[in-house]
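Me: I have a model open and want to learn how to read it feature by feature. Can you take me through it, general idea before the case?

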Amino acid sequence: MSAPQHQEWIERLLENDLGESDKEQLLAALKADPQLREEFSSHLIISDALARQADERQDETFVRSLTGHVISLGREDENAFVGGVERRIVFRRWSRRLAIAAVIALAGFGSFLVYRQSTAPPAVGQMIELDGHGKVIARREARGGSHQVPKDGFFRIRFDNGAVVAIEGPADFRIESPKRMHLHSGKLNAWCPETAHGFQVVTATGTVTDLGTSFGVSTEASGASNFLVLDGLIEVSRGKETRRVTEGNAVRTADTSGIADLDFEPEPFSRTWPLASGILSTSGSVVPASPGTAEQLSVLESDDTVMVIPEKRNVIFDQSIDAELIGPGSLSPKNAEQLHHLPADPEMRLRSFLIRYNPKQRFDFRRFDGEVTFDRPVMAICGQGKYLDATDAAFANGAYTDVSEYARRFRGIDLDQPSKFPEEVTLSEDRRTVRILFNAGVSSDDIRVILEEN
Amino acid sequence: MPEINEYSEVVRAHHSGLRYFIRSLGVQSAWVDDIAQEAFLLAYKKWDELDEATNAGAWLRTIARNLVMNELSKTHRRQRLIDENLTTLLLDAEPETDRPGRAEDHGIRNRALGECIEQLSDRSREIIRARYFDDRNSSEIGDDLKMQPATVRKVLFHARQLLADCLRSKAIHDAL
């Protein structure tokens, strides 16, 4: 029988919660004691058997899908076979789907689809996988029990209840249900509308419960976790201790302590926060804004870039909107008078982004050319100052503080600039990508992009 | 090469034991199925080299063992292992020839495991279910059941030990 200390170490190792020093001691003990090794192997096996026990028919699904996949690849010629293996390793998350296709095609298991649909864990939302440049490389259903260990790239999960979670690799996470997921390591940002309040992210040392908010979680291999609130309110619990954390604040949980205050430092979430906000990619002079609270976002400045700044979400569409662009095409001096009127529809929920050049201190004209791609089609773009002013109350993060007539006049896109300093906004054919050409000087240049939330 | 029905019988007969064998070498739970899949794929391609179908289990284990050893030599794939030193140790300790008689050699059938779980005390069963069916860690279970996390871990450890003993006795019983 193993010593109590060994038992504790083995148990912590199985929970991915064993420190390096203890791990070394456990390894030394395992090396010295064959009986302990045998016992340890047995615990690994039983723990796996227990994890599989939850779904008794999972084994049959495994047999059928794997057989089809193996035979599909095995019958290719040698080079194709090697390629197939490499494809499968690189895109391992596709393997189950490929396997299912192979089974259907090769064996004619007509009843298999029915079987699989009836036994697969329920879908809880949609998941997209993106590479490091924001290019979508896979789309699939997110299912309860799905466990992912990406080395790099990003995942974006949109749960059916409206919660949106963006995860940056390397990470280790598991979706448990529409209202709960585990983050074993890595970092994520989550945004939860009213319909998803109560959504939880569990780490080795703490649990965060959404109370109406946008928040970030990062957790280290040791289990120590940071929780940070960008908007609204969360509840963090560790053991019997519970803390409510408000916007602009952060806390940390660790094995050796309870819930401790932490400086609010959102920069580590500079990749996941835009993704959770709906920005898939940017290029050229256009960049996502650094993460921050609404107050911080409203005063962001940059001399060198045009920022895409998320604004209010879940806005009830109860006031009509005047906008120059509502479909594919461009807004330029050639059609400066173009205007569309969108009547209110209180059944709809909207959200917006401000695409903004807001220099700290520049006194010369500068050309900015770039684009941003969103996760859904754009509904309307307000380009000129008066239409921005009219939609501020509904969407803006903060009051537009520069109230001078000069500043307000030049706030939006300037369609009457000299021809050598043209400004133009273009919405792509699929209505997801907005391209801007700004020739900006001392004043800010803004446009507001409005999208449907639901 | 075997036909699909024939090979699906091979997979059905050996996948469970093979997956437990791979896990016993310290492979992360999330990657066990992938390595098992690679082993079945290689076995299929080399099926003609197998002397007798009755030796397929041992042969698959040898292939899987080599695949796990390959994991150690590829830096970018070591994330598949709980710890590379641990796997090295377990590989060194694992005899290369098949060794009959252990519970995992027979595969762990769900029904047998279910019966063994029913023999645990109510408290142990509750903790096992929370850990493995609800995916809660010892701290969370401790919160729910008003127990120290260390006590939860102790219960989990002993419960698994009882389950292993129970499965072994069932395997012996089945063999009679």
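Me: Which residue stands opposite Arg366(A) in S24(A)?
Reply: Strands of a sheet pair through backbone hydrogen bonds, either parallel or antiparallel. Here, in a predicted model, Arg366(A) stands opposite Ala440(A) in S24(A). Strands here are DSSP runs of E with at least two residues, helices are runs of H or I with at least four residues, and both are numbered from the N terminus. Two strands count as paired if DSSP finds at least two bridges between them. Strand S21 (residues 366-374) of chain A meets S24(A) in the antiparallel sense, over 8 bridges.

Me: How should I read the numbering and the limits of the model?
Reply: Residues count from 1 along each chain as its sequence is written, chains are lettered from A, and ligands are numbered from 1 in the order in which they are written. The model is predicted, so local features need pLDDT of at least 70 and side-chain atom pairs count only at pLDDT 80 or more, while totals for chains, interfaces and linings use all residues.

Me: How many bridges join S23(A) to S24(A)?
Reply: Strand S23 (residues 424-427) of chain A runs antiparallel to S24(A), joined by 4 bridges. In one of the pairs, Val425(A) has Ile436(A) as its partner in S24(A). The two strands form a hairpin with 5 residues between them. In that turn, Arg431(A) has a positive phi of about 65 degrees.

Me: What is the strand order in the open sheet?
Reply: The order is S13-S21-S24-S23-S18 in chain A, 5 strands with antiparallel pairing. At the edges are strand S13 (279-284) and strand S18 (329-331), each pairing on one side only. From one strand to the next the twist averages 15 degrees. Axes for such angles are lines fitted to C-alpha atoms (for helices, over the stretch in contact), and angles run from 0 to 180 degrees between N-to-C directions. S13(A) pairs with S21(A) in the antiparallel sense over 5 bridges. Gly284(A) stands opposite Gly370(A) in S21(A).

Me: Why is S24(A) described as largely enclosed?
Reply: Count C-beta atoms, placed from the backbone: a residue is buried with 20 or more others within 10 Å of its own, exposed with 12 or fewer, and partly exposed in between. In strand S24 (residues 433-440) of chain A, 6 of the 8 residues are buried, so the rest of the structure largely encloses this strand. Across chain A, buried residues make up 42% of the 454 residues. Chain A has 11 helices and 25 strands.

Me: Is Arg351(A) buried or exposed?
Reply: Arg351(A) counts as buried, because 22 C-beta neighbours lie inside 10 Å. Its place is in strand S20 (residues 349-357) of chain A. Contact is a matter of distance: two residues are in contact if their C-beta atoms, placed from the backbone, lie within 7 Å. Leaving aside neighbours within four places in sequence, Arg351(A) has contacts including Arg313(A), Asn314(A) and Leu451(A). Arg313(A) is 38 residues away along the chain, yet the two C-alpha atoms are separated by 4.4 Å.

Me: Where does Asn314(A) lie?
Reply: Asn314(A) is in the loop between strand S15 (306-310) and strand S16 (315-316) of chain A. Its phi is near 60 degrees, a positive value in a residue other than glycine. Asn314(A) is partly exposed, because 14 other C-beta atoms lie within 10 Å.

Me: What about Lys146(B)?
Reply: Lys146(B) is not a glycine either, and has a positive phi of about 55 degrees. This residue sits in the loop between H7 and H8 of chain B. Lys146(B) counts as exposed, because 7 C-beta neighbours lie inside 10 Å. In H7(B), by contrast, buried residues include Ser138(B), Glu140(B) and Ile141(B).

Me: Which residues does the cis peptide bond join?
Reply: Gly169(A) and Pro170(A), with omega about 5 degrees. Pro170(A) lies in strand S5 (residues 164-177) of chain A.

Me: How many residues of chain B are in contact with chain A?
Reply: 50 residues of chain B touch 51 residues of chain A. The chain B side divides into 25 nonpolar, 13 polar and 12 charged. Nonpolar means Ala, Val, Leu, Ile, Met, Phe, Trp, Tyr, Cys and Pro; charged means Asp, Glu, Lys and Arg; the others, Gly among them, are polar.

Me: What are the confidence scores?
Reply: The model scores ipTM 0.83 and pTM 0.55. Per residue, pLDDT gives the predictor's confidence from 0 to 100. Chain B has a mean pLDDT of 81, with 83% of its residues at 70 or more. Over residues 97-106 of chain B the pLDDT is below 50.
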